[in-house]
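I opened this model to look up its cavity, its core and a few single residues. My entries follow in the order I made them.

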Amino acid sequence: AASSDYPLRDVYKRQVFNAMIGKLQTWNHELETRIDQRTTELLSLNNRLQAILFAVPDIMMEVDTNKVYIWGNQAGLAFFGPGVIGRPAESYFEGQQDTLEKVDPLFRGASLPVYVESWQRRQDGSVRLLAWWCQAVRDHQGRVTGTISTARDITDQRADENRIIQALREKETLLREVYHRTKNTLQVIQGLLTL
């Protein structure tokens, strides 16, 4: 009886082993299917986000912790030129600026966005005033890996504001002059009436 039990045990072991293999193959197939679905979803989301970022009319640029440009959207590449990637951000600054000092807290872990205005050189050589909103970018462990910034060209807006301020100052000067002339005229009239 003992010798006849061995083949049955071997058959039973093979059946259990084959059943386990079958379950593992099923689980593997289900897992691969889920991975393929998730990969497709992530690729679709990535394509959508890329389309959104490139469609934004504002300049969007990303720098690493060395403050070197590593990414730019379509508006950013159009402003700075295609050679901007791999170049230090400060190489586009015009004149003495404290821009890097103002955004430095982001590289040290600050979480609030930073606003800064900076004179920048376009790829055509013209100098424009950009209003930047900068935010730290972090990895999955919370370490700062750089910043991403959006910018708008406010050169014309600032020139318009300065023209309006200048016009207001001129009008204030004219009003003061009219006031003084009116006051002087009234004093003359009062003096004549007194006589």
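Is Ser149 buried or exposed? I looked up its relative accessibility, which is 6%, so Ser149 counts as buried. Buried here means under 20% relative accessible area, exposed over 50%, and partly exposed in between (1.4 Å probe, protein chains only).

A note on the source: this is a predicted model, in which local features need pLDDT of at least 70, side-chain atom pairs count only at pLDDT 80 or more, and totals for chains, interfaces and linings use all residues. Residues are numbered from 1 along each chain as its sequence is written, and side-chain values use heavy atoms, with hydrogens and water left out.

**Ser149.** I placed Ser149 in strand E5. Strands (E, at least two residues) and helices (H or I, at least four) are DSSP runs, numbered from the N terminus. I then listed what Ser149 touches, not counting residues up to four places away in sequence: Ile59, Met60, Met61, Trp132, Trp133 and Cys134. Contact means heavy atoms within 4.5 Å.

**Cavity.** I found one cavity of 30 Å³ or more. About 200 Å³ of space lies in the largest cavity. Its lining has 19 residues, and Val63, Tyr69, Ala89, Cys134 and Ser149 are the closest to its centre. On a 1 Å grid over the protein atoms alone, a cavity is a set of points where a 1.4 Å probe fits but cannot get out, and lining residues have an atom within 4 Å of a point. Points are joined across faces, edges and corners, and the volume is the space filled by probe spheres set on them.

Which elements supply at least two residues each of this lining? I noted strand E1 (59–64), helix H3 (99–107), strand E3 (114–121), strand E4 (127–138) and strand E5 (144–153). H3 gives the most, with four residues. By class, I counted twelve nonpolar, five polar and two charged residues in the lining. Ala, Val, Leu, Ile, Met, Phe, Trp, Tyr, Cys and Pro count as nonpolar, Asp, Glu, Lys and Arg as charged, and the others, Gly among them, as polar.

**Helix H3.** I looked up the buried residues of H3 and got Thr99, Val103, Leu106 and Phe107. They cover an arc of only 90° around the axis, so they sit on the same side of H3. The arc is that of the directions from the helix axis to the C-beta atoms. These buried residues pack against E1, E3, E4 and E5.

**Core.** The largest nonpolar core has 21 residues; among those with the most contacts inside it are Tyr69, Phe80, Val103 and Trp132. Such a core is a set of buried Ala, Val, Leu, Ile, Met, Phe, Trp, Tyr and Cys residues joined through side-chain atoms within 4.5 Å. E4 gives the largest share of this core, four residues.

**Phe80.** Phe80 is in helix H2. I read 3% relative accessibility, so Phe80 counts as buried. Beyond four places in sequence, Phe80 touches residues including Ile59, Tyr92, Arg121 and Leu130. Phe80 and Arg122 are 42 residues apart in sequence, yet their C-alpha atoms are 5.2 Å apart.

**Thr145.** Thr145 also needed a look, and I found it in strand E5. At 31% relative accessibility, Thr145 counts as partly exposed. Its contacts beyond four places in sequence include Val63, Thr65 and Arg138.

Definitions and conventions. 1 Å grid on protein atoms, 1.4 Å probe; cavity = no way out; pocket = protein on both sides within 12 Å on 5 of 7 lines; lining within 4 Å.
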